[in-house]
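User: Could you walk me through a helix pair and a pocket in this model?

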Amino acid sequence: MNMTHPVRRAGAAFVTLLAGILTLFALAPAASAAAPPDANSVVSAWHDTQDPLFVQSGAALSSGQRPEVSEALKSADSKIYMAALPEGTFPNVQTAGPYIQQLEAALASAGRPQATVVVLDGTTVFAGSTAIRQDVAGRISGLAASNNPGDVVAVTQDLVKRVDSAADGNVRQALRSGSQAGSGSGTGVLIAILVLAVVGGTGLFFYSRKKKQQREAREAAELAAVKQTVEEDVTKFGEEITALDTDVKLLGAGGGHLDEWQQALDSYEKAKAELAAVKRPDDVRAVTTTLVDGRYALAVVKARVNQQPVPERRAPCFFNPQHGPSVRDVRWAPPGGALRDVPACAADAEAIEHGFDPQMREVMVNGQRRPYYDAGPAYQPYAYGYYGGFGDVMSLMLVGTLLGSMMGGYGMGGYGMGYEQGMADAGFGGDGGDFGGGDAGGGWGDFGGGDFGGGDW
């Protein structure tokens, strides 16, 4: 990275060559502090110190947090490494992605071809993994960050337990809602014993049951809300099919000569069946994936009815997936966020380009209507079903949104822990390529060979 810092003159009478040189020397540490350490050096430090935590000078991780974070990483059954760097080393996930790739490549060269790598940039977490399934890795990081705002130790503990569960093949446990920080640790057992000693086994039983009931009630409410949202989408799709039925039949043969018409009908029936089988938020992903296929087939039929060219297969309209496939990308920014290219239908694209607001898909959250992309973790599968098949879209359009801070693409997620604000603007995915490796690969035991010649670090 090339960085230049112009020397500003305070006044011609006071500026000398020596002052200019001293100014440059004064600025040099700041320039070097912003540069990430060499990936091979970081991997060597992990190996030489037998500590999976590397802390660069100027990192926000406090001296009190370091041993707890290190211990959490060491307690992992799979291999998880963290590099804590000064804030601002990576302004976004697109710049962090290539560096994580470098760390993964250096680990592979050292004999660790599978690992989870975490970069802590000030108060923002970027993570990539070659040890677990790519779509799971990003979601794990998002859940860990969102469930433990402001607590880097708890975020690390939560992430470790989720990665271990995914590495063992228990993806459902890895993606469970609620913080998993500290669960099952020796400290947690000691606390449980103390609670039992103070309030007695009966009191603890009723307390646990109450908390379980509260959690189940919350999860049931979230499921009902997201299921209603998907039901509205399926109903809307059925109405569009009905509205086109007469036009299709006028083409002759009852429209039977149009394969896409039958595909649309089949997708509608399949979506209804999948909706009826929804038992948890993750199940809605199948429904919205089916709707993507059905809506594109319907768009093709509309084009044939109107004797227009067959449309390109594109991601659904970002502003409202009910609008069907997008027709082009437009420049747009969420409130307080940065501009990015997002796919839009013709009506929304025209509205944006003329300075108007698009027709946004809103859902009910705690009695208030909010855009679906800021509706919380229950809507992760909803959005993933619509846009997960368009990775380049996913990597950019949700940056700076709530779902963008919770979902992962290509096995890498950038998740702001936001010590002061709960969650910082961040994104997921990136242009760095496919970080995932295998369906559910695990950690490694002792190994031989490689640059380090063996050992378990």
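Analyst: First, the terms: axes are lines fitted to C-alpha atoms, for helices over the stretch in contact, and angles run from 0 to 180 degrees between N-to-C directions. Helices are DSSP runs (H or I, at least four residues), numbered from the N terminus. This is a predicted model, where local features need pLDDT of at least 70, side-chain atom pairs count only at pLDDT 80 or more, and totals for chains, interfaces and linings use all residues. Residues are numbered from 1 along each chain, and side-chain values use heavy atoms, without hydrogens and water.

User: Are α10 and α12 roughly parallel or roughly antiparallel to each other?

Analyst: Helix α10 (residues 284–305) packs against helix α12 (residues 380–387) at about 30°, their axes 7 Å apart. Angles under 35 degrees count as roughly parallel, over 145 as roughly antiparallel. So α10 and α12 are roughly parallel.

User: Which residues of α12 make the contact with α10?

Analyst: Contact means heavy atoms within 4.5 Å. From α10 come Val284, Arg285, Thr288, Thr289, Leu291 and Val292. Facing them, α12 gives Pro381, Tyr382, Tyr384, Gly385 and Tyr386.

User: Which element gives the largest share of the lining of the largest pocket?

Analyst: A pocket is an open set of points on a 1 Å grid where a 1.4 Å probe fits, with protein on both sides within 12 Å along at least five of seven lines; lining residues have an atom within 4 Å of a point. Two or more lining residues come from each of α5 (134–147), α8 (186–249) and α12. The largest share, six residues, is from α8.

Notes:
Angles under 35 degrees count as roughly parallel, over 145 as roughly antiparallel, 65 to 115 as roughly perpendicular and the rest as oblique.
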